[in-house]
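Thank you all for making time this morning. I would like to go through the links and the packing in one model, and I will give the cut-offs as the terms come up.

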Amino acid sequence: MKLSSMRKVVFSQFLLAFLLLVMQLRLSHADVGTAAHYSPPYTPTACFGNDPSQFPSSNLFAAAGEGIWDNGASCGRQYLVRCISASVSGTCIPSQTIQVRIVDRALSSSSRPSSNGATIVLSTTAFGTIAKSSAAAVNVEYQQV
């Protein structure tokens, strides 16, 4: 076999191995933002008014910050949310990811958020599932599902 033919074979094998490796990598499609929390009363909401069926039985729901509000198109969307850091060490609850439903707009929610300007404002139950409830806000990774 000629040297140039051997190089082509080796290059082809390398390219195939590289492509197989890339296919095995798990790529993250999540965004990073901040999460605050809010308390009852949760109604009326900007999305569904006073309809009690808007709230999941798990009480894992949220109000959308302006970055994900999308002129109301976010109503009903589901997001996976995970606490990744906070100003106080140990605030995040490790290995906790929740799925929340958007039911409101943070700027117009009946109850004020614990911190202004958050990407997403979680119900008390949702926030307490991923972080210590005493925190005003945490950094989160979130992804629409």
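Predicted model: local features only at pLDDT ≥ 70, side-chain atom pairs only at ≥ 80, totals over all residues.

Is arginine 77 buried, partly exposed or exposed? With 21% relative accessibility, arginine 77 counts as partly exposed, where buried means under 20% relative accessible area, exposed means over 50%, and partly exposed is in between, using a 1.4 Å probe and protein chains only. Residues are numbered from 1 along each chain as its sequence is written, and side-chain values use heavy atoms, with hydrogens and water left out.

Let me begin with the charged pairs. A salt bridge here is a side-chain nitrogen of Lys or Arg within 4 Å of a carboxyl oxygen of Asp or Glu, and by this rule the count comes to three. Arginine 77 takes part in one of them, with aspartate 70, where the closest N and O atoms are 2.9 Å apart; aspartate 70 is itself partly exposed, at 42%.

Another salt bridge pairs glutamate 66 with arginine 105, the closest N and O atoms being 2.7 Å apart. This pair links distant parts of the chain, since glutamate 66 is in helix α2 (residues 66–69) and arginine 105 is in strand β4 (residues 97–105), 39 residues apart; helices (H or I, at least four residues) and strands (E, at least two) are DSSP runs, numbered from the N terminus. Glutamate 66 is partly exposed at 41% relative accessibility, and arginine 105 is partly exposed at 26%.

In the remaining pair, the side chains of glutamate 141 and arginine 82 meet at 3.1 Å, N to O.

Now to the covalent links. A search of the whole structure finds two disulfides, a disulfide being a pair of cysteine sulfur atoms within 2.5 Å. Cysteine 47 is joined to cysteine 75 with an S to S distance of 2.0 Å, and at -80° about the S-S bond this link is left-handed. Cysteine 47 is buried, with a relative accessible area of 18%, whereas cysteine 75 counts as partly exposed at 24%. The disulfide between cysteine 83 and cysteine 92 has an S to S distance of 1.9 Å, is left-handed at -55° about the S-S bond, and has both of its cysteines buried. Counting bonded cysteines along the chain, the pattern is 1-2, 3-4.

Finally, the packing. A nonpolar core is a set of buried Ala, Val, Leu, Ile, Met, Phe, Trp, Tyr and Cys residues joined through side-chain atoms within 4.5 Å. The largest such core has 24 residues, of which Val81, Val100, Ile120 and Leu122 touch the most other members. Which elements give two or more residues to this core? They are β2, α2, β3, β4, β5 (120–123), α3 (124–130) and β6. Leaving aside neighbours within four places in sequence, leucine 122 is in contact (heavy atoms within 4.5 Å) with residues including Ala35, Phe61, Ile98, Val100 and Phe127.
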